[in-house]
Amino acid sequence: MPMARPSVSPRGPRQDKRLLDTEYSLRSRLLISLANDLTALGGELFELDIPRMAFIGNQSAGKSSLVEAATGVIFHWRAWPSRHTDEFVLYKWRLLETAEPVPGGCPMQCTIMRGDGPWSCTITLRFLYDDKGDPLKCDKEVSFPTIYEPKDVEIWLRRAQAAILMPRANPLDFYNKSREELKGMQTDMIPFSWNKVEVLVRDPEGADLSFVDLPGIIQHHRTVTEIVPFVKKLTERFIKNQNTLIVVTVPMTDDFENQGAFELATQADPEGLRTIGVGTKPDMLTPGNTSALDKWKDILEGTTSNLRHGYYCVKLPSDKEREEGHSKSELGKREKNFFGSTEPWKSLDNQSRLGMRNFVENTSRLLIGLIENNLPGIKKRVDDLLAKDTRLLSRLPELFTADNPIAVILLRVTAFCKTLQGTIEGTQGKDFVRKNRARYDTFKNEIKKTTPSLQWSGARPVPAAPGAPSTSSGSAQSTTKLTPLGPIYVADVQATIQAHRTWELPSYVPFEATKEIILQHVEHWEDPLTHCFNDISKNTLDLISSLVHDPKYFGRFAELVSFIETVIGQEVTALQAQVSELLQKKFNMENSSPLSTANLERFNQERSTWLNQIYRNNGQPHSDEHKVMADVHAYFHIASARFIDVVVLCIEEEWHKKLAVRLEESLIEKIPPLPRETLNILLGEDPKVSKQRNNLTSRIENLTKIKERLSQYEAQTREEAWGAELDGVN
């Protein structure tokens, strides 16, 4: 951490004048009230980084005594066992069987304001988080009575703390609880809470200051282990923002750099730009502690200060002094006398670093300046967030209401089915038809790839026996079944003919040979057929899904979408099964007897063309094998083209056209009988959209309140400036 002298020029000892009700004091109170109000309106949830001050320290570091001295309120709860340390001030302790104190509880927001009128203390409960530390949907504020006697603050703080730690109870039920009753309720309290107790002290002799007091840091606890990570996480959350001043209390008898609180502050503020150190218990350093005394003297003088805003040293009242009931001014005098009569403090050149008065007034000025300097940025962020959320809300569909829900739904069904039919036919958009035609082309190519590869010349290579030289013979005949979709040679056809010969005359070729070769290839049409229909079905269902979820039809109504999808799913499943069965029949017709075609002219033409490429009309007799090959070629050419056409037409007619009609008929049939209550539910807003709308509406309401509060402050400052101007004239 770099070394730097304090940048603030605190008031010196000659500046006796307190922060009176001057123009500055009034502006200070306005700014502190503004910062507190912005925080209460949800400033943390909007990450406005509202300037604040956080008091942290290790357990028993004197932090709670520092809070007492700053507020002028004695918080110590002495009705319970005295073994409880001063961290018992603001946080719940639970007595376990081992009688070990357990610091838990919640943060406390303390605000002190100087002004006319009697001394008073107002306590407010601020519920912003659930038990896990997540923001509540709706924050809650509970006001406790205003207290006019300092001695009554302690019991009301007990009640407020208990109400925070029992969130399911009614906070008003704690108004009349006694100390004994609150003590007996400990076992029903949660160990800790993210929610705050807010304390506003109005003191005619006080200074304008606001800070958050956090639970004391502990390193371990042998019975309630969750306390340690909670306090650490809570502290880290409160001190992480760049506009949070971190006040670390450190006993001057300890090595402050090894303090857990100081370590957390260093992690959050590694450059020491917003950390303020406060040394406590200087009276515990005896003249013999020369090393510690010299070290602290150099720190307070700024010679070895590693913090931009430096360190302060305060001498806080002892328990005996508190019990004696001395006034705040008397305690201040005693502290001043201590520093004025004790070395090395009385010899410090910079006396502004000593005493509660200097600490409070200087940190108050620092906080006020930080709030004032950050107001333009806060205002801009509020405006930006408000514009963004308003824009997002405007993009949501308007809230829907219908006097005749059945008519609304049926109109949307009709429009949906009309668009579906038009898309299938290609009259409303071309992409769907183009995508399907591309898939049909793929199907066509897959069928064409099964065309027999007829080799009218040459011979099938004969595999050589292992270790034997490779030989081939043009007259060799195949004795095995044809390789699926492989080349078919003359010898293969000859072997197939021979396999089917029985008592035919020598000039006759068995038709079964031709049939076997054809069907060996037709059987490979089944997989391309299945895949084609599956892909076309998926395209159709994707189209239907996109239309169903389109806000123009059903998309903005989650329950209606679910209902429509259920009806469509039933129809799709039934029709898919029917079309699949029909397509299977078309395939079976091609893959079995009889092999027939009425297009004999085309058959004879294809047959002759194939033979002429061999014999070239030279009058030479055609071999039986070549005749079979020509028949296979001609028939396969006609049958494959026929099958491709039939499949495409069947899918379009039996699947697409019938699906659009069946969906409309089924939806129109099933919607009218529904009761009015169900129809209203179907037209209810999508829960996701409703949640988003509610969240945005809530955010806009809170941001608007924040914006109005900022505007109110600007009006107050203008009024203040006008009043000051009039006073100058007078």
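A residue counts as buried when its relative accessible area is under 20%. The model described here is predicted. Its protein chain contains 20 helices and eleven strands, and buried residues account for 46% of the 730 residues. Of the contacts with a separation of 6 or more, 78% are between residues 24 or more positions apart.

**Aromatic pairs**

- A pair of aromatic rings is described by the distance of the centres and the angle of the planes.
- Across the whole structure, a search finds 15 aromatic pairs.
- One of them joins tyrosine 312 and phenylalanine 359 in an edge-to-face arrangement, with 5.5 Å from centre to centre and 70 degrees between the planes.
- This pair links distant parts of the chain, since tyrosine 312 belongs to strand 9 (residues 311–313) and phenylalanine 359 to helix 10 (residues 356–395), 47 residues apart.
- Tyrosine 312 and phenylalanine 359 are both buried.
- The ring centres of phenylalanine 416 and tyrosine 553 are 6.3 Å apart with the planes at 70 degrees, so this pair is edge-to-face.
- Because phenylalanine 416 lies in helix 11 (residues 405–425) and tyrosine 553 in the loop between helix 15 (526–548) and helix 16 (558–590), the pair ties together parts 137 residues apart in sequence.
- Phenylalanine 416 and tyrosine 553 are each buried.
- Tyr312 and Phe359 also belong to one aromatic cluster with Phe55 and Phe211.

**Charges over rings**

- Lysine 140 is placed over the face of phenylalanine 127, at 4.7 Å from the ring centre.
- Arginine 237 has its charged end over the ring of tyrosine 129, 5.1 Å from the centre of that ring.

**Helix 13 and its surroundings**

- Two packed helices are described by the angle between their axes and the distance between the axes.
- The axes of helix 13 (residues 490–500) and helix 18 (residues 624–670) come within 9 Å and cross at roughly 95 degrees.
- Helix 13 and helix 18 are therefore roughly perpendicular to each other.
- Helix 13 contributes Val490, Val493, Gln494 and Ile497 to this contact, while helix 18 contributes Asp624, Glu625, His626, Val628 and Met629.
- By class, the contact of helix 13 with helix 18 comprises five nonpolar, two polar and two charged residues.
- The buried residues of helix 13 include Val490, Val493 and Ile497, and among them are also Ala491, Asp492, Ala495 and Thr496.
- These buried residues of helix 13 pack against strand 10 (453–455), strand 11 (487–489), helix 14 (511–522) and helix 18.

- Threonine 39, in helix 1 (residues 23–40), is buried with a relative accessible area of 14%.
- Beyond its neighbours within four places in sequence, threonine 39 is in contact with Glu44, Ile50 and Lys196.
- Glutamate 47, in the loop between helix 1 and strand 1 (52–57), is exposed, with a relative accessible area of 59%.

**Backbone geometry**

- Most residues other than glycine have a negative phi, and most peptide bonds are trans.
- Glutamate 47 has a positive phi of about 55 degrees, although it is not a glycine.
- Aspartate 49, located in the loop between helix 1 and strand 1, is likewise not a glycine and has a positive phi of about 50 degrees.
- The peptide bond from glutamate 343 to proline 344 is cis, with omega near 5 degrees, and proline 344 lies in the loop between helix 9 (328–341) and helix 10.
- A cis peptide bond also runs from serine 593 to proline 594, with omega near -5 degrees, and proline 594 is in the loop between helix 16 and helix 17 (600–615).

How values were computed: Residues numbered from 1 in each chain as written. Predicted model: local features only at pLDDT ≥ 70, side-chain atom pairs only at ≥ 80, totals over all residues. Heavy atoms only, no water. Axes fitted to C-alpha atoms, helices over the stretch in contact; angles between N-to-C directions. Helix = DSSP H or I, 4+ residues; strand = E, 2+ residues; numbered from the N terminus. Parallel < 35°, antiparallel > 145°, perpendicular 65-115°, else oblique. Contact = heavy atoms within 4.5 Å. Nonpolar A, V, L, I, M, F, W, Y, C, P; charged D, E, K, R; others polar. Phe/Tyr/Trp six-rings, centres within 6.5 Å; stacked < 30°, edge-to-face > 60°. Buried < 20%, exposed > 50% of the residue type's maximum accessible area, 1.4 Å probe, protein only. Lys NZ or Arg CZ within 6 Å of the ring centre and 35° of its normal.
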